[in-house]
Amino acid sequence: MNATPSLIVALDFDSDVSARSLVNRLAPGSCRLKVGKELFVRAGPSLVREWADAGWDVFLDLKFHDIPNTVASACRAAADLGVWMVNVHALGGPAMLAAARAAVDETPARRPLLTAVTVLTSHDETTLQAIGLQGTPAEAVGRLAALATRAGLDGVVCSPQEAALVRDHCGESFRRITPGVRPVGAALDDQRRIKTPAFAIAAGATDLVVGRPITRSADPAGAVEMILDEMRVTAGE
Ligand SMILES: O=c1ccn([C@@H]2O[C@H](COP(=O)(O)O)[C@@H](O)[C@H]2O)c(=O)[nH]1
């Protein structure tokens, strides 16, 4: 793939009013939208459908992780909303990943991209050990990305620190969606494995997810433009 990397704005707001106020200042061609657990629980599927119908690429980031039948049904429901991408958690294992893939394949005309979360960007080696995962985050990402590749998924969610490793092991066309992106000087918040937008692009990330550096900025639309500029410069556009 070598497509221009995209910016996905994480709309982690506590109301649809706040989310709409930012989205109304953005253009669908300039970035994509991510609806995660908070906004989805607050505002529901109708908001997702509304944005998808309005031409936005919506990433429904609910990280499904359950028995295969339940995850497959949830992926079908996401496809019915018209989302651009939906994700599951790779820790659900091969059968769950295969069931998710089969479910999105049932609607070829509007099949969403299907990606898998590997190791959350809030983890470091110490917290991985605390939950019983051996090795470095990069080693765990490599193992989980291999599972996702074998199940026929379209890519994984990983930190920018593992983007190059995933590209090398899983191929150029396998998407590397990277949260844990922080412009120079931005607060770390609860993230642990972070890098700048420039690093993420240079390392081969295909889609950069950025939330609080935008949503908590005094000028969110300006923050989006600054990140897009840094991405363009690094990509040599
Ligand atoms: O490993 C992961 C997977 C998902 N996320 C989500 O991305 C955004 C990041 O928000 P920031 O405010 O830029 O930290 C958020 O919605 C997470 O749920 C992640 O951070 N790490």
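Over residues 6-227 the chain is 43% helix and 17% strand, with the end C-alpha atoms 11 Å apart; helices (H or I, at least four residues) and strands (E, at least two) are DSSP runs, numbered from the N terminus. This is a predicted model, in which local features need pLDDT of at least 70 and side-chain atom pairs count only at pLDDT 80 or more, while totals for chains, interfaces and linings use all residues. Residues are numbered from 1 along each chain as its sequence is written.

Helix α4 (residues 68-81) packs against helix α5 (residues 94-105) at an angle of about 30 degrees, their axes being 8 Å apart; axes are lines fitted to C-alpha atoms, for helices over the stretch in contact, and angles run from 0 to 180 degrees between N-to-C directions. That makes α4 roughly parallel to α5, since angles under 35 degrees count as roughly parallel, over 145 as roughly antiparallel, 65 to 115 as roughly perpendicular and the rest as oblique. The contact (C-beta atoms, placed from the backbone, within 7 Å) includes Val-71, Ala-72 and Cys-75 of α4 and Ala-99, Ala-100 and Ala-103 of α5.

Helix α7 (residues 137-150) and helix α8 (residues 163-170) have axes that come within 10 Å and cross at roughly 40 degrees, which makes α7 oblique to α8. Ala-138, Val-141, Gly-142, Ala-145, Ala-146 and Thr-149 in α7 here meet Leu-165, Val-166, His-169 and Cys-170 in α8. By class, this contact has 7 nonpolar, 3 polar and no charged residues, where Ala, Val, Leu, Ile, Met, Phe, Trp, Tyr, Cys and Pro count as nonpolar, Asp, Glu, Lys and Arg as charged, and the others, Gly among them, as polar.

Note on methods
Contact = placed C-beta atoms within 7 Å.
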